[in-house]
Amino acid sequence: MQLLKDEMWTRKTTVKITMLGRKMITEESSIVKKIQMSDTREKEIIQALENKDGLAWKEDGVAYMEGRIYVPNNKKLREEILKEHYDPADIEHPGQHRMLELLKRTYWWPGLKEDIKKYIQECLKCQQNKVQHQQKADKLHPLEILKGPWQEISINMIGPLPSSNGMDAILVIVN
Ligand SMILES: [Zn+2]
């Protein structure tokens with residue numbers, strides 16, 4: 001009985017995700033066309049498709065993995081997708097975590113996480129930003145050298161301390 005229930009649930013969710021997949025196809029048609037034309041599937045997706053356990057399926061020449069579009073092993077195509085998510089107009093570039101979140105909503109391929117990491121590390125704009133930040137942080141502000149005594153006096157009250165002879169604080173005066 002439980003088995004039957006699980007089976008029904010799996011079917012229901014699979015149908016729902018397939019419908020979602022159709023919506024993606026109309027929305028991102030140019031990328032999807034390229035995916036349909038590319039036929040360099042890796043063993044990970046081929047095996048998943050052969051398993052027929054509901055995790056992966058094919059539709060209109062597109063392979064899906066857990067409801068995400070599998071992007072074939074085509075460097076140019078994967079880079080186009082990375083770029084599209086990374087560098088739209090003027091917004092600040094997303095970090096690795098955010099980028100993965102964005103991409104995972106629609107796409108999947110083996111090594112996606114590593115590819116994102118590499119892609120971001122190679123971004124010149126981000127490298128320059130990083131250098132600028134470091135330079136700003138590295139600047140020190142040394143204390144001015146004073147010309148004589150009594151030009152600057154610092155007073156520091158330290159306490160409360162364990163009392164000694166009824167006193168529980170120290171006053172430090174530096175000239
Ligand atoms: Zn960047």
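1. Two residues count as in contact when their C-beta atoms, placed from the backbone, lie within 7 Å. By that rule, Arg 78, Leu 82 and Tyr 86 of helix H4 meet Asp 115, Ile 116 and Tyr 119 of helix H6. The residues of this contact divide into 4 nonpolar, no polar and 2 charged (Ala, Val, Leu, Ile, Met, Phe, Trp, Tyr, Cys and Pro count as nonpolar, Asp, Glu, Lys and Arg as charged, and the others, Gly among them, as polar).

2. The model is predicted: local features need pLDDT of at least 70, side-chain atom pairs count only at pLDDT 80 or more, and totals for chains, interfaces and linings use all residues. Residues are numbered from 1 along each chain as its sequence is written.

3. Helices (H or I, at least four residues) and strands (E, at least two) are DSSP runs, numbered from the N terminus. H4 covers residues 75–86 and H6 covers residues 112–121.

4. Which residues of H4 are buried? They are Ile 81, Leu 82 and Tyr 86. These lie on the same side of H4 because they cover an arc of only 125° around the axis (the arc is that of the directions from the helix axis to the C-beta atoms). Buried means 20 or more other C-beta atoms within 10 Å of the residue's own, exposed 12 or fewer, and partly exposed in between. Lys 76 and Lys 83 are exposed, on the face turned away from the buried side.

5. Pro 94 sits in the loop between H4 and H5. Pro 94 is partly exposed, with 18 other C-beta atoms within 10 Å. Leaving aside neighbours within four places in sequence, Pro 94 is in contact with Tyr 86, Met 99 and Leu 102.

Terms used:
Axes fitted to C-alpha atoms, helices over the stretch in contact; angles between N-to-C directions.
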